[in-house]
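Work through the following exercises with the sequence and the model at hand. Each task is followed by its solution.

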Amino acid sequence: MDVAPGAKRKRNLELFLLLFAIVVCVFADINAELGLNGKLPSGFLMQVLGLSAIAVVAHLVVRRWAPYADPLILPIAVLLTGLGLVVIHRLDDSYAKVYRSTPAAPNQVMWTGIAVVIFAALVILIKHHRQLSRYTYLLMAGSLIALVAPAFFGGDVYGARRWIRLGPLSFQPGEFTKLAIIVFFASYLMANRDALALVGRKFMGVALPRGRNMGPILVVWAVSLVVLVFESDLGTSLIFFGAFIIMLYVATERTGWVALGAVMAIGGAVAAGTLVTHVTYRVNNWLDPMAYYGNPSPTGSSPQLAESLFSLAHGGLLGTGLGRGESWLIGFAGRSDWILATIGEELGTAGIMVILVLYAVMAQRGLRTAVRLTDPFGKLLAAGLAAALVLQVFVVAGGVVGLIPQTGKALPFLAQGGSSTVANWLMVALLIKLSDASGRAELEPKPDPAETLTISAEEIARARAEMEESG
């Protein structure tokens, strides 16, 4: 398939950045192994080749089926995934020595391989992102059912009912419904943005939307509260409602929707913090992280935030070095969003800032794609995916550092979890296809208008001259 020279340069840049990402992950793993055991394990080379194979397969798929895609999205995903595997493996080593627990890294490697296969299938099968708009209502119906299903027959883990258990298998439907609902939001807002953009009354200088157009936001708000109250899942409800408000603003450019959404979000959060026991406990732990060490400790108190703050303080600016920290004292840091505390201790504040910048760059590439796309559906879909990524990173990182109450969501790409890993790579596939469409419109040569006419330009000019002579 012939592509423009600019597309080839993009793919070559992507390959170079992928190799750089692999090198960074390899050196990080070497550092961790030497810090823990003083030597490299016998299967180290196979680990390096496995990560390299995953990255190369993903690159070859993009090079063939999305040659105009943004060259930064895939390398960032590979780098974050690789660093996550390194830290999970590093924690496994400590857990095996202290708690004699089963390692999680092999399972995470398996899910990473499955995620990349699904990523490749999506990139190959979806010829253009507008195909997704044909299934929006089907996706929405399935998503709402899956989103509320854990409230009725899900598994309760650490106080939240966000898992569905089928025998020995379990998964978090919220990770997948997040993507499907964003597709629905993009389609719905594309079709109704003119009505939603109409202004009603003004309050304190803010143009509020008309009352008759408030139905959609009330429905989404209600569903968010159902998830929050019956599943005690603060993180999913925040991301679900927040992404809708941001996409609504992108579609209408009306600050009134943002103001109304903020009021409704604050009201729902206050009500949940007061009425939902699990959320109340998390708010109390946030307000007083050291309460757990009191005698007696309050009901529902937890040491996790305090231990996370201890880890971050121990790491300081540059960290203790991979494999030399003690964040394994957070009993399940390697199995949850608290993995960021390990990064903060062993790579320091500088390491956390690098991770956050990587997330910010990926979100920026999504927003850049949204700006460059010409169709409204693609614009809203790219903006929604970028917004969901930013919101998820914010609620996780904010909870780990004590900025907001902890929500229990998985840190994208880094934290252990099969559902999260697959969903994040699906998001990458969508961003790849969206950026491919925007890059194709930018780099492919535009056809000559004269060549696209059924009648040639010379024939039109000759006919016009004949008409002038006859007139």
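The chain has 18 helices and five strands, taken as DSSP runs numbered from the N terminus (helices H or I of at least four residues, strands E of at least two). The model is predicted, so local features need pLDDT of at least 70 and side-chain atom pairs count only at pLDDT 80 or more, while totals for chains, interfaces and linings use all residues. Residues are numbered from 1 along each chain as its sequence is written, and side-chain values use heavy atoms, with hydrogens and water left out.

**Exercise 1. Characterise the salt bridge between Arg365 and Asp70.**

Step 1. Apply the criterion: a side-chain nitrogen of Lys or Arg within 4 Å of a carboxyl oxygen of Asp or Glu. The N to O distance for Arg365 and Asp70 is 2.8 Å.

Step 2. Locate the partners. Arg365 is in helix H14 (residues 348-372) and Asp70 is in the loop between helix H2 (44-65) and helix H3 (73-98), so the pair ties together parts that are 295 residues apart in sequence.

Step 3. Check burial (buried is under 20% relative accessible area, exposed over 50%, partly exposed in between; 1.4 Å probe, protein chains only). Arg365 is buried at 14%, and Asp70 is buried at 3%.

Step 4. Look for further partners. A network of salt bridges links Asp70, Arg365 and Arg368. The structure holds seven salt bridges.

**Exercise 2. Which residues have the most contacts inside the largest nonpolar core?**

Step 1. Define the set: buried Ala, Val, Leu, Ile, Met, Phe, Trp, Tyr and Cys residues joined through side-chain atoms within 4.5 Å.

Step 2. The largest such core has 113 residues, and those with the most contacts inside it are Phe119, Tyr359, Leu381, Leu385, Phe413, Trp425 and Ile432. Helix H15 supplies the largest share, 15 residues.

Step 3. Take Leu385 as one example. Not counting residues up to four places away in sequence, Leu385 touches Leu179, Ile182, Met427, Leu430, Leu431 and Leu434.

Step 4. Take Phe413 as another. This residue sits in the loop between helix H15 (376-401) and H16 and is buried at 5% relative accessibility. Phi of Phe413 is near 75°, a positive value in a residue other than glycine.

Technical notes. Contact = heavy atoms within 4.5 Å.
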